[in-house]
Structures are given as structure tokens and as C-alpha cells.
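Here are some friendly notes to read alongside the model. Keep the picture open and look up each residue as you go.

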Amino acid sequence: MSEDILNAKELYERTSEAIVTILSKEGNYTSTSTGFIIKHTQKNEGLYIATVAHAVFTGLGNRDKHVDDIYAVIYNYNNTGINEFKKCKVIGLAGYADFAILSVDNLEIDKNKYVEWSDNKTYAGDKCYVIGNPVGIEISAIVEGIVRNPSFTYRNNIEIMSFTAPTLKGNSGSPVFNDCGKVSSIVSNGMPGGDNFNYGAKSNLLRFLSNYIINNKTDFVGGTINRDLFPVDISYMYHMKPSFNGVKGYCVGTDLEDQTFNHFDVILSIDGKTIGAHSNYKKPTSIYLSPGKTIKLEHYCHKNKTIKTIDFTINKLTKDEDIYRHH
């Protein structure tokens, strides 16, 4: 069943009261960000606030040390017409994905606006909207853009969507809406040097993480192969001249060469599915979501120019490792 396409005015009217302002306090220092209210219908049913993990971490980024206090302004709280200032509790977070879930006491499901995750496939060029709270300038301001890249990874094996809607300080944690008014991503970060390359985790991952965190009332700690992975690009193909054809796979970045991986090795596929930067390839996101699982890696060894399939058991990140590190 197709969903209604909304213009910017209609989308704003439906969703803006579900956007909240977040204030994080650490010692004498405060910072602001954005969050949005979601409805959870599984275990621990209720309304919760979704935001970015870097609103929760201390300045040192230590996973086990959250900010001293975190607050939210809930607009039209319980349909009273009052914008309430409420203390929040951190339910859990997923560091690599830069995502956190907060709770606020006495949020009534039938009396507060909330937003929903998108189930729609996202394409490059799709229209998108960001509603957020760059505090000191505007409250619940809406900006428009398009999807630059609907599916890529950047260092941390999280499936990310990039978009051109401009953002400002305080927009972190803002929902990125598709033109049906559903959340397709979150404002997490942007590339230095411009305001039209912003990005965040995709809705399918955010939904999975929110369900896990709320159902279990704990953090999600993902998997790792203890290596950074970088998509093979034209520079790699030119300088390394690997023996396989086509720009595909992810290059292994490591200073610790061992019997499994060497620097400039390439992982070509995971469990038989070709991975790569281009849109027709899968991304290596199953690594983060599958700690402890054994997967089959098609592995190109740069030193001896051979390709082999290996069984690799994904390690679990330590809490100190599973932190926000998009740059």
C-alpha cells in the first residue's frame, strides 16, 4: 500500500511536536542537541526519545562514563499545551551507530506526538527533510535536501545514508524524514568543509537497535574483525593492481599483520554476497550486527595475489572500542 506524499508544510505540521531539545550537562559545561519521540510496542512498551550517542558520552568519549545529567524539552507535553523541561534516563546506546535511547517519566502514548521508522527503500535523489533544534537560533526548524547516497559505510561498518539538507550545531540527533513523513536516518555528523554532506545510520539499523535497547534495557555492543575497512576505489585499483577484476570489495586497514590479514588485503564477499562501495553491492554491515557469529569471507591476499575463502569468527567490541568514531 502506497503512502501519501507530503509537502514540507504538511510534514512539519504532522511531526514537529515529536521533536525534542536535548541538553547534556557535564560538570559546568552544557551542550545541546536534538531528539525525537518514538513509540515502542514490544517489551517495555511506551514512548521513548531517540537521539545520538555523542549527546550521552562524556567529552572523553568513554562508553562507561555518561554525562552527569541529560534533559529534554517536550513540546506540548501530554497534550497540555505546556513545553515541559524533563530529566531523562539513558536506557542504552550503540556507539558505532551513534545512537541512543532515552526515557522520560509519564509520557502518555495517546497524548504525545511520535514519529515512525521508514520501511521504504531509499534512492539517491529522493527528497528528504530535517527537523531539528539548533538552539539559540531556531526551535524545530525544517530544512530540505536530497539523498546523496542511500547506502555507504565510513570506517565503522555501519550502513549510513548521506544527504544534502544543511545542518547546524545542535542538529545532531535530528530525524531525517522521507517525503512520506517517516524517519529514514538521523543527523549524526558531516564531512568537514561543507554543510551539504551530512550523514547518519539508516532507519533499518536504527529500528533494530531501538528494539534491542528498549526490549533488553541495555546497550548494544556490536561485532568487529579488529580492522578498519575502506571501500576499494580507483586509487586502490591503480596503485595495487590486484589480480581480480572490477572495483569491488573493502580494503583491510591494519598495522598488525598476521596470518589472517595483511595491509592492502581485500575482503570481496561475506557469506557469498559481494560487498563494495557501489550501489549494486552489499555493505559489510553484518559484521557489526553479528558478534560471535562465524562468517565466510572471500579474501584477496595482496602479498601473494591469491583469493581464498576463510571462516572468521567475529569478535565482540569492548565498550571502550564501541564508541562514536565517524571521523
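**Notes on the structure**

1. Strands (E, at least two residues) and helices (H or I, at least four) are DSSP runs, numbered from the N terminus. Please keep in mind that this is a predicted model, in which local features need pLDDT of at least 70, side-chain atom pairs count only at pLDDT 80 or more, and totals for chains, interfaces and linings use all residues. Residues are numbered from 1 along each chain as its sequence is written, and side-chain values use heavy atoms, with hydrogens and water left out.

2. Is Gly46 buried or exposed? Gly46 counts as buried because its relative accessibility is 10%; buried means under 20% relative accessible area, exposed over 50%, and partly exposed in between (1.4 Å probe, protein chains only).

3. Which residues does Gly46 touch, leaving aside its neighbours within four places in sequence? Its contacts (heavy atoms within 4.5 Å) are then Ile38, Lys39, His40 and Ile109.

4. Now for the whole protein, which has four helices and 22 strands. Its C-alpha atoms fill a box of roughly 70 × 40 × 40 Å along the principal axes. Of the 327 residues, 53% are buried. Among contacts between residues at least 6 apart in sequence, 62% join residues at least 24 apart.

5. The largest nonpolar core has 38 residues, and those touching the most other members are Phe36, Ile38, Phe99, Ile101, Trp117, Ile158 and Phe177. Such a core is a set of buried Ala, Val, Leu, Ile, Met, Phe, Trp, Tyr and Cys residues joined through side-chain atoms within 4.5 Å. Several elements each supply at least two residues of this core, including strand 2 (29-40), strand 3 (46-51) and helix 2 (203-216). Helix 2 gives the most, with five residues.

6. There is also a second, separate core of 20 residues, which includes Ile49, Ala53, Val67 and Leu93.

7. Beyond its neighbours within four places in sequence, Phe177 is in contact with residues including Leu11, Ile19, Val115, Cys128, Tyr129 and Val183.
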